[in-house]
Amino acid sequence: MSYLQNKVQSFNANLGTVAGKISNKRTIGPPVKPAPSPTPSQASDSTKNDLKRKRADLPHVPFSQPADTGVGQHIMTQVTYAIDFLKHKDQPQTFPAILQYLSVQTREESYKNALEKILIRHDKVNHEPKRDGSPAVFSFRPVHNIRSSESLLHYLQSQRDAQGLSVKELRDGWPSAEDAIGRLEAEGRLLVTRNKKDNHARMVWPNDPSLNFEIDEEFKQLWHKIKLPEPGALADELEKEGLTPANKHRLIKKPTKTQEKPKRKARAGGKTTNVHMAGVLKDFSHLKK
């Protein structure tokens with residue numbers, strides 16, 4: 001046996017020994033396919049569903065507005081409600097009646113005392129203290145303390161100027177003032193100006209019947225028989241007499257100046273040409289303008 005054959009036999013023997021020692025063999029399976037990506041419509045649907053779940057879990061709170069509890073808890077809110085309550089009442093109201101309207105009669109005494117002090121000092125509230133056993137009462141204080149037709153006429157007659165009275169200020173303490181103003185205007189006891197848009201009364205003045213003056217019918221006829229000149233006729237008559245009407249500006253015409261075109265001057269110092277033909281050509285230089 002040659003040397004080469006001995007080497008081949010020892011290689012084969014070593015190869016069989018190593019193969020027996022390997023117990024776990026790596027197997028290659030089929031390639032795993034990746035999960036298909038969702039289509040855009042499926043992805044948007046799933047996103048919308050997730051957002052709906054999140055929104056359903058959150059409470060509906062308008063972040064731009066405070067929480068609406070149904071009633072005003074702050075004491076100044078209650079003051080506003082109380083003034084509005086007094087504004088729509090023709091008669092003064094007691095403090096227990098105000099508490100009952102506000103539904104705060106069961107609140108602590110310190111709260112009710114603070115509310116009463118604010119109403120007493122408020123510039124829109126009149127406070128009448130207790131007298132001879134009668135309880136203290138509160139009433140609304142308008143800009144003008146006028147609540148009837150008689151008080152309106154008395155106030156207008158007592159004015160020292162002809163400024164009139166604003167109906168907007170009058171409605172502050174007398175909501176039904178326009179009805180009474182319409183009746184007084186129909187009776188000729190008030191002068192009223194109205195808005196063009198809605199025909200609501202805007203300002204009122206007293207209409208004093210003693211200032212009305214009757215004119216004779218004969219004088220009215222004579223007045224209307226006077227013929228007035230036609231528009232522009234008076235101005236024409238004044239211009240005929242050389243006078244200028246006051247509503248017409250006199251125009252002074254300036255003489256127009258005729259501008260003469262400057263004459264073209266002959267060029268001086270020019271180069272003389274055709275000297276060699278001086279006896280042949282004619283001189284027309286005198287015809288130049």
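Me: Which residues in helix 4 meet Lys 112, Leu 115, Glu 116 and Leu 119 in helix 5?

Reply: In this predicted model, the contact between the two helices draws on Lys 112, Leu 115, Glu 116 and Leu 119 from helix 5. By class, the contact of helix 4 with helix 5 has 6 nonpolar, no polar and 2 charged residues. The residues that helix 4 brings to this contact are Phe 95, Ile 98, Leu 99 and Leu 102.

Me: Are helix 4 and helix 5 roughly parallel or roughly perpendicular to each other?

Reply: The axes of helix 4, residues 95-102, and helix 5, residues 109-121, come within 12 Å and cross at roughly 115°. Angles from 65 to 115 degrees count as roughly perpendicular. The crossing of these two helices is right-handed, and helix 4 and helix 5 are therefore roughly perpendicular.

Me: Where around helix 4 do its buried residues lie, on the same side or on opposite sides?

Reply: The buried residues of helix 4 are Phe 95, Ile 98, Leu 99 and Leu 102. They cover an arc of only 100° around the axis, so they lie on the same side of helix 4. An α-helix has 3.6 residues a turn, so residues three or four places apart point the same way. The position asked for, then, is the same side of helix 4.

Me: Which exposed residues does the face of helix 4 turned away from its buried side carry?

Reply: The buried residues of helix 4 pack against helix 3 (75-87), strand 1 (93-94), helix 5 and strand 3 (137-140). On the face turned away from that buried side, the exposed residues are Pro 96 and Gln 100.

Me: Which residue just after helix 4 takes a positive phi?

Reply: Helix 4 covers residues 95-102, and the residue in question comes just after this helix, with a phi of about 60°. The residue that takes this positive phi is Ser 103.

Me: What is the angle at which helix 6 and helix 8 pack?

Reply: Ser 149, Leu 152 and Leu 153 in helix 6 meet Ala 180, Ile 181, Arg 183 and Leu 184 in helix 8, and by class this contact has 5 nonpolar, 1 polar and 1 charged residues. The crossing of helix 6 and helix 8 is right-handed. The axes of helix 6 (residues 149-157) and helix 8 (residues 177-186) are 10 Å apart, and the packing angle is about 65°.

Me: Is Val 192 buried or exposed?

Reply: Val 192 is found in strand 5, residues 190-194, and, not counting residues up to four places away in sequence, Val 192 touches Ile 181, Glu 185, Ala 201, Met 203 and Val 204. Val 192 and Arg 202 are 10 residues apart in sequence, with a C-alpha to C-alpha separation of 7.3 Å in space. A residue counts as buried under 20% relative accessible area, and because the value for Val 192 is 17%, Val 192 is buried.

Me: What is the relative accessible area of Pro 245?

Reply: Pro 245 is found in the segment after helix 10 (233-240), and, leaving out residues up to four places away in sequence, Pro 245 touches Ala 235, Leu 238 and Glu 239. The C-alpha atoms of Pro 245 and Ala 235 are separated by 5.8 Å, although these residues are 10 residues apart along the chain. Pro 245 is buried, and its relative accessible area is 7%.

Technical notes
Residues numbered from 1 in each chain as written. Predicted model: local features only at pLDDT ≥ 70, side-chain atom pairs only at ≥ 80, totals over all residues. Heavy atoms only, no water. Axes fitted to C-alpha atoms, helices over the stretch in contact; angles between N-to-C directions. Helix = DSSP H or I, 4+ residues; strand = E, 2+ residues; numbered from the N terminus. Parallel < 35°, antiparallel > 145°, perpendicular 65-115°, else oblique. Left-handed = near helix turned anticlockwise from the far one by under 90°. Contact = heavy atoms within 4.5 Å. Nonpolar A, V, L, I, M, F, W, Y, C, P; charged D, E, K, R; others polar. Buried < 20%, exposed > 50% of the residue type's maximum accessible area, 1.4 Å probe, protein only. Arc of directions from axis to C-beta.
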